[in-house]
Amino acid sequence: MRMSKNSIDIEANPAAVFGILADLENYPSWSTGIKSVAVEERDGSDRPTKVTCSIDAGVMKDKATLNYDWNKSPSEISFTLEDADLLTAMDGSIKVSGDDGRSEEHTSELQSQSTISYAVFCLKK
C-alpha cells in the first residue's frame, strides 16, 4: 500500500479552512484531480457521509465511493474506500490545527492501493 503525507501552513482561521475542506461538493472547482462529486448520504448535521467521486490523476482514472467520518471534526475529517473500479484500498484524513486567529498547519494523509501495479503505469506512459 502506498502512503503519502503532506503538510502546509495556512494563514487563515482554522474554522474557515475546515469549512472549505468539509465542502466536498465543491472540490472539483479547486482540485484538478477530482472531476465530480456526488453526495449519496448525509448525517444528522447535513455532513456528507457517503460520497462518489470521479478521479483523474493523470495515468489513473477511477470512480470511487468513500465513507466519511466526522467524529473528530472540526479538527479532522477521515475517510475510507467503500468501492471503486481500480482502487482496492484508500484511507485518508485531513487535519487542521491552530489557534483562533491563524491555522498553524493543515496535514493530509493518504494510503492507497490499486489493482494496477506501478510497473504497469510506467509501461503505459
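I began with β4 and β5, which run antiparallel and are joined by six bridges. This is a predicted model. Six residues lie between the two strands of this hairpin. Across the pair, I found Leu 66 opposite Leu 81 of β5.

Next I went to β3 and β4. They are antiparallel too, with eight bridges joining them. I noted Ala 57 with its bridge partner Met 60 in β4. This hairpin has two residues between its strands, and Gly 58 there takes a positive phi near 75 degrees.

Then I checked β2 (residues 34-42) against β3 (residues 48-57). I counted seven bridges in the antiparallel sense. Val 39 has Val 51 as its bridge partner in β3. Five residues separate the strands of this hairpin, and Asp 46 in the turn has a positive phi of about 70 degrees.

I stayed on β3 to look up Thr 49. Is Thr 49 buried or exposed? Its relative accessible area is 19%, under the 20% cut-off, so Thr 49 counts as buried. Beyond its sequence neighbours within four places, Thr 49 contacts Leu 66, Tyr 68 and Trp 70, among others.

I followed Trp 70 from there. Leaving aside neighbours within four places in sequence, its contacts include Phe 18, Pro 48, Thr 49 and Ile 77.

Last, I looked at the largest nonpolar core, which has 23 residues. Leu 66, Tyr 68, Trp 70 and Leu 81 are among the members that touch the most others. At least two core residues come from each of α1 (14-22), β3, β4 (60-69), β5 (76-84) and β6 (87-98).

Notes
Residues are numbered from 1 along each chain as its sequence is written. This is a predicted model: local features need pLDDT of at least 70, side-chain atom pairs count only at pLDDT 80 or more; totals for chains, interfaces and linings use all residues. Side-chain values use heavy atoms; hydrogens and water are left out. Two strands pair if DSSP finds at least two bridges between them. Helices (H or I, at least four residues) and strands (E, at least two) are DSSP runs, numbered from the N terminus. Buried means under 20% relative accessible area, exposed over 50%, partly exposed in between (1.4 Å probe, protein chains only). Contact means heavy atoms within 4.5 Å. A nonpolar core is a set of buried Ala, Val, Leu, Ile, Met, Phe, Trp, Tyr and Cys residues joined through side-chain atoms within 4.5 Å.
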